[in-house]
Structure formats: C-alpha cells, structure tokens
Amino acid sequence: MTLPSPPPPGESASAQQDAGLEAEAAVVAATANDSWLKRLPIISHLRRSVGLQRGMLVAGLVLVAGLLLTALLAPLLAPYGFADTAADGTSFGTQQPPSSSHLLGTTVAGYDVLSRVIWGTRTAVAVMACAVVLSLFLGVALGLLSGYVGGWLDRILVMLADAIYAFPSLLLAIVMSIVISGGQSSAGGGILAAAISITVVFVPQYFRVIRAEVVRLKAEPFVEAAKVIGTGHRRIMGTHLLRNATRTLPLIFTLNSSEAILTLAALGFLGFGIEPTSASEWGYDLNRAMADATSGIWWTGLFPGLAIVAAVLGVTLVGESINDLNDPRLRVRRRRRAATAKEAQA
C-alpha cells in the first residue's frame, strides 16, 4: 500500500482558504435571487448566523423587541399612570413592598414602580431614536462633505470635532442640557433637550468614521474613473462614496443607541433630566432610590436598574452580531471551520 505524499508547506492552508472562499461565493450566489423579504437586514443576518452567534442575535432581538413593544403598549400594560399616587381615592402609600396590588412595590414618593418602569421605556426609546437619527444624518453629511472637499473646510470641521472630543461626553451632555432646557422641562421639551444634547456628543463619532472612509475611497480607481467620464460631484458623493463609506455604521448606530440610554439615565440620575411629573425616566428613579438602599428597600432601585441593563444589553448584542455577520472574513472563517470538521468526520 502506498501512502500519499504530504502536501507542501502552506498548500493545505491555501486549499482550506480556497474552500472557504468557494463556500462563501456559493452562499452569495444562492442568496442573490432571494426575494426582497429574505434580503432585509435582520432576516438576512438571521439566515446567515449559526451557533452562538445566532443565539446572541436572537437574544438581542428578543430584548429589543420587548423594549419597543413595551414602549408602544405602555398605556395598556401599565396598571397606573407614571405620576399616579392614588387610585379610586385611595393613596398607594410610600415604600410599600411588592404585593398583589403593586407587583413591584411603590417608591418614596408613592409612585407605582411597575408603572414607572413601563412608562420609562417610552422616554428611553424616544430619546434614543431622536438622538441617534439626528446625529447619524448630521455626522454622515458632514463627514462626507469634509472628506470629499478637503482643504480649509476639512481642517475647520476636524478641529471642531477634536474640540468636542476634548470634553467628557457626560459633562458635555450636562452643559447642553442646561443650555437648552435649564436642566428641567416638560416631557416633550425634556426629550428633545436630552436628544439634542446627546446628538452633540455623537456627531463627531459619525463624522470621523465617514470622513476617514471617504478620504480613503476618493483615491480609488472607480472614483477617478467616474470623474474622468464627467460624473458630477453630487452623484459621486451620493452614489459611489456614500454607499461604500457607510458599511461600518450598523455597529456604531447600535452602540450609540445603547450609549444614548445610558446618557439619558445619567442625566436623570444627576438631576438634569425630565421632571418626574412630566414623564417617567429610569435615571431619576435610581436617584430617588439611593437613600432606600441603605434602609433595605431594594425594589425601588432594582427594577429601574434592570430595565436599563436589559435595554442596553439587547441593543449591544444586536449591534455586535450584525457587525460580525457583515464582515466577510468572519463568515469565511466560520464556514471554513465547518468544512474542516466535515472533512475530519469523513
């Protein structure tokens, strides 16, 4: 019996890499003719995910869906209003432990903890959506313009972004909140003030990422070819550069969403958020629960804190999973391991 000669050094790794690339190309070709529904971002990522990565993505989607549904159905889910301290002419009482009438107890001000937590999802989702959308559009537009035009405009915008980065993000949010609303305001004004103050913190992040990508891409041959054939600057920026420079935004978008929730909670905890009679806010509830913790009253601070953790964890899991699935190198490596395992079993 003759044994096959071993492959030259490096050839085995190259063969495995080629097999992984072929598997990836086959997956891309198979999904190219899928319906538009299967090509939607979340659905396509679920189809491509496997193992632990799929578990992380599903867990994040469940938490995010729970957050959004709770915010949408808050009037139906909450047993009382966020500022109610009595029902049917009967006062709730202060610092009451969890019971059948108040499942999560009451606060030192007599608010129902469950109702405050449920209504707080609306405030968190509203601020998160406003802040991230505003900073996304503004940061992407400025980064695209600065990276493509260059010159004195680029230097001024970079200098402004660096100046904003010089301030701690929470301190800058506090200053902007005071400037916009005086630190306290109504529900709508407070949400808008918190969103704008968080937007100022987030814009430099989008600006610098997009600007760096545009500076790199505008020297590529396809951009030079577009200029040679007479394509206008607006079309080059909107078609050629924008589509290729925004591939890393999903991760930044989701991480900023979770950071917006934490920044809002920090503003409320420090007393620069929304008035408790105007809207429910988890950071304010944690601030009021600090004195309760030393007295053994755990329910007033535990549940708002768990709500913050669940919301931030869900958004972060979704962002990390989408970022991994958007990276072709990670998908090739994962499929390469699967192919190697099948070969070993054979």
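**Close-up views of a predicted helical model**

View 1. Helices (H or I, at least four residues) and strands (E, at least two) are DSSP runs, numbered from the N terminus.

A word on the numbers before we move on: this is a predicted model, in which local features need pLDDT of at least 70, side-chain atom pairs count only at pLDDT 80 or more, and totals for chains, interfaces and linings use all residues. Residues are numbered from 1 along each chain as its sequence is written, and side-chain values use heavy atoms, with hydrogens and water left out.

**View 2. The surroundings of W282.** Contact means heavy atoms within 4.5 Å. Not counting residues up to four places away in sequence, W282 touches L67, R116, V117, G120, T121, A124, I261, P304, A307, I308 and A311.

**View 3. Helix α5 against helix α11.** The two helices pack at an angle of about 135°, and their axes are 9 Å apart. Axes are lines fitted to C-alpha atoms, for helices over the stretch in contact, and angles run from 0 to 180 degrees between N-to-C directions. The pair α5 and α11 is therefore oblique, given that angles under 35 degrees count as roughly parallel, over 145 as roughly antiparallel, 65 to 115 as roughly perpendicular and the rest as oblique. On the α5 side, the contact is made by T123, A124, V127, M128, V132, L136 and V140, and on the α11 side by L249, F253, N256, S257, A260, I261 and L264. These residues divide into 11 nonpolar, three polar and no charged. Ala, Val, Leu, Ile, Met, Phe, Trp, Tyr, Cys and Pro count as nonpolar, Asp, Glu, Lys and Arg as charged, and the others, Gly among them, as polar.

**View 4. Helix α7 against helix α11.** Here the axes come within 10 Å and cross at roughly 60°, which makes α7 oblique to α11. From α7, the residues S169, L170, A173 and I174 make the contact with E259, T263, A266 and L267 of α11. By class, this contact has five nonpolar, two polar and one charged residues.

**View 5. G143 within helix α5.** G143 sits in α5 and is buried, with a relative accessible area of 0%. Its C-alpha atom is separated by 5.0 Å from that of I210, 67 residues apart along the chain. Leaving aside neighbours within four places in sequence, G143 is in contact with F207, I210, R211 and V214.

**View 6. Q95 and its backbone.** Q95 lies in the loop between β2 (90-91) and α5. Q95 has a positive phi of about 55° although it is not a glycine. Most residues other than glycine have a negative phi. Q95 is partly exposed, with a relative accessible area of 27%.

Note on methods. Buried means under 20% relative accessible area, exposed over 50%, partly exposed in between (1.4 Å probe, protein chains only).
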